[in-house]
Amino acid sequence: MPTIMPALQNAAQQAKQATSGTQATAGGDFSDMLKNAITETFQAQKTSENMSIAVANGENIPMHQVIESVNRAELTLQTMVSVRDKALEAYQEIIRMPI
């Protein structure tokens, strides 16, 4: 879980700054955090793909590093899918609220 902990720590730090009176642009922090998470997921996927291709081509890369890279990519993708699902559920719940 090395990729999730920094994201959670970053979110906690941003929440702490927001509650301590630090001014933030409306929606800027969340959108930046979302962009960073998407970028991190994409980079993990590319790293995993590149390492897998390198091993298939016969390069001398320790197998545990390849497996760790693939697991990290899978975990970040699952996390992003879960966040997306929760966001959609929240949006649908808000839409269903009576006015």
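Biologist: Which backbone oxygen does the side chain of Thr 76 reach?
Modeller: The side chain of Thr 76 reaches the backbone oxygen of Ala 73, at 2.9 Å. This is a predicted model, in which local features need pLDDT of at least 70 and side-chain atom pairs count only at pLDDT 80 or more, while totals for chains, interfaces and linings use all residues. Residues are numbered from 1 along each chain as its sequence is written, and side-chain values use heavy atoms, with hydrogens and water left out.

Biologist: Is Thr 76 buried or exposed?
Modeller: Thr 76, which lies in helix α3, is buried, with a relative accessible area of 5%; buried means under 20%, exposed over 50% and partly exposed in between, with a 1.4 Å probe and protein chains only.

Biologist: Switching to α2, which residues are buried there?
Modeller: In α2, the buried residues are Gly 28, Thr 41, Ala 44, Ser 48, Met 51 and Ala 54, and what covers the buried residues of α2 includes α3, residues 63-96. Helices here are DSSP runs of H or I with at least four residues, numbered from the N terminus.

Biologist: And Phe 30, buried or exposed?
Modeller: Phe 30 also belongs to helix α2, but Phe 30 is exposed, with a relative accessible area of 55%. Together with Leu 34 and Ile 38, Phe 30 makes a nonpolar surface patch of about 290 Å². An α-helix has 3.6 residues a turn, so residues three or four places apart point the same way.

Biologist: What comes just after α2?
Modeller: Just after α2, Gly 58 takes a positive phi, about 95°.

Conventions:
Helices (H or I, at least four residues) and strands (E, at least two) are DSSP runs, numbered from the N terminus. Contact means heavy atoms within 4.5 Å. Patches are made of residues with over 30% relative accessible area and no salt bridge: like charges are joined within 9 Å, nonpolar side chains (Val, Leu, Ile, Met, Phe, Trp, Tyr) within 5 Å. Accessible areas come from the Shrake-Rupley method with a 1.4 Å probe; for residues, only the protein chains shown count as cover. A salt bridge is a side-chain nitrogen of Lys or Arg within 4 Å of a carboxyl oxygen of Asp or Glu. A polar contact is a pair of N or O atoms within 3.5 Å; within protein, one must be able to donate a hydrogen and the other to accept it, and residues adjacent in sequence count only if both atoms are side-chain atoms.
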